[in-house]
Amino acid sequence: MDGETMVIDNGAAETNGTTTTTEERKYDYDLIVIGGGSGGLACGKEAAELGAKVALLDYVKPSPAGTTWGLGGTCVNVGCIPKKLFHYSALLGEQFEEMKNAGWKLENNGHDWELMVKNVQTYIKKLNWGYKTQLRSKKVDYLNLLGHMVDAHTIKGSDPKKGIEKTLTAEKIVVAVGGRPHALNCPGGELSISSDDIFAKKTAPGKTLVVGASYIALECAGFLAALGYDTTVMVRSILLRGFDRDMADKVGAFMEKHKVKFIRGAVPSKLEQVEEDGKTRIKVTYKAGDEELSEVYDTVLTAIGRRIDTDIGLKELGVQVKPNGKVEVNEQEQTAVENVYAIGDAIERGLELTPVAIMAGRLLAHRFYNGKTKLMDYALVPTTVFTPLEYSSCGLSEDEATAKFGEEVVEVYHSGFKPLEWNYVKTSEPDCYVKVIVDTTNDKLLGIHYLGPHAGEVMQGYATALKLGATKEQLDSIVGIHPTSAEELLQLKITKRQDANAVKSGC
């Protein structure tokens, strides 16, 4: 709850084999973590287990639409967890036709948005409570306060709503804050909501415009369309910037064939409230080329990127902070201020992925208090985009591989395919696709890309092969599990040079 402070005196701290008693300690804590998301929680709990006296500050500022949430950060409250649950609900709805063809006798009576949101939010609250319980059991002092750096060792914690202020000091400070969505910068932009709001929205969104082409935008558009809402994505330029271009285009093509409409090369110029049929709706005006157009929607969801919430006094201390809020750190996750560190979404050299933040936080704690030297490896990290047809990848994109090693030495093995299960839907096409990128000078795998069902489950295993430096020959020597979609990556014989439109036939 807001303003909650849970303080436990952890007494002596074992750090690198030395014990600091309460009397000897120069600061209130050995470590203060600012941010109660995945990385901050992991770092704080691990440090406490290693004997450090730890405090963790976390405070959620309401979104412009007024949405707030509990301990756990973006992933748990407004990111990975609710997103995956909404996505799963959408997939269940899309299976009705398949189930009928598979012999099940049932009726589709539509979707209950309010019930879905209620159940998802109930689960999230359980997670919020679980994190508080974990901190208590690890003897981490949790303070539901907004942290602001006063000097290199001093933090002022405050609750702006309740007028509470508390000053804390620590030998080391770890910044583990997350980001907040960029607002729509046009007249009436405040009428739109963001991914910080959609997962707790108490009423069904109705006809929705999603502004943006990020993975958040496409994931939200995908589940909204599948849940039965008229959904349009307004795209300024390309889809999924930073991902493999070929794969991103295939993601978009599949979405267009499955209920999602796209307005390309456009951005909103004005949003305004209008009354239609006794309902307050949003009229969106935009330019497409030289033509000014407009359309009326029930909901406008903006997903045009995020800015890290690092306006907490870091610049004033000499910490290098980018315009996007990202903090400059070295390979030790150390900032320009010797005792101030940053991890997770907050850092310039990192990846905005929950497992990355968790591992980085744990490794940092062990370097602090267990004499370890292992650094976070940000290379070859697998990821998945939970669009209607899921996309997972690990390693280099095709463009990155070509730019780095040269087109003449990079070979791309690929194939379109149709999962066995899809044969219950007679009109389905081989929209799934896999490709493996290889350096022909040493046969090493440079990247693996998969577009199809259960993409995250498939890629998790193949990421191990990439991490261990596997070759194409070794990949080909693995016996696949049949019949699965995952085995398609073990059967690639055709390169793009040989056939740009390779499609598997048969089983």
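This is a predicted model: local features need pLDDT of at least 70, side-chain atom pairs count only at pLDDT 80 or more; totals for chains, interfaces and linings use all residues.

Where is His111? In the loop between helix H4, residues 96-101, and helix H5, residues 113-137. What does His111 touch? Leaving out residues up to four places away in sequence, the partners are Ser89, Met116, Leu227 and Tyr229. One distance for reference: Val251 is 140 residues from His111 along the chain, and their C-alpha atoms are separated by 25 Å.

Next, helix H7. H7 runs over residues 215-226, 12 residues in total. From first C-alpha to last, H7 reaches 16 Å, close to the 16 Å expected at 1.5 Å a residue. How many of its residues are buried? 11 of the 12, so H7 is largely enclosed by the rest of the structure. The buried set includes Ile216, Leu218, Phe223 and Leu224. Glu219 and Cys220 are in that set too. In general, an α-helix has 3.6 residues a turn, so residues three or four places apart point the same way.

Just after H7 comes Gly228, with a positive phi of about 110 degrees. Look at the flanks here. Leu227 and Tyr229 are both contacts of His111.

Ser393 sits in strand S22, residues 391-395. Ser393 is buried, at a relative accessible area of 9%, and the cut-off for buried is under 20%. Its contacts, again without residues up to four places away, are Val381, Pro382, Thr383, Ile448, His449 and Met459.

Now zoom out. The protein has 13 helices and 25 strands. Its radius of gyration is 25 Å, close to the 23 Å that the globule rule gives for 507 residues, so the protein is as compact as a globular protein of that length. Along the principal axes, the C-alpha trace spans about 75 × 65 × 50 Å.

How much of the protein is buried? 52% of the 507 residues. Take contacts between residues at least 6 apart in sequence: 64% of them join residues at least 24 apart.

Surface and charge to finish. The accessible surface comes to about 23800 Å², and 51% of that belongs to carbon and sulfur atoms. There are 59 positive and 69 negative charges, and their mean positions are 3 Å apart.

That's the tour. Over to you.

Note on methods:
Residues are numbered from 1 along each chain as its sequence is written. Side-chain values use heavy atoms; hydrogens and water are left out. Helices (H or I, at least four residues) and strands (E, at least two) are DSSP runs, numbered from the N terminus. The expected span of a helix is 1.5 Å times one less than its number of residues. Buried means under 20% relative accessible area, exposed over 50%, partly exposed in between (1.4 Å probe, protein chains only). Contact means heavy atoms within 4.5 Å. The radius of gyration is taken over C-alpha atoms; the globule rule is 2.2 Å times the number of residues to the power 0.38. Accessible areas come from the Shrake-Rupley method with a 1.4 Å probe; for residues, only the protein chains shown count as cover. Lys and Arg count as positive and Asp and Glu as negative; His and the chain ends are not counted. The place of a charge is taken as NZ of Lys, CZ of Arg, CG of Asp or CD of Glu.
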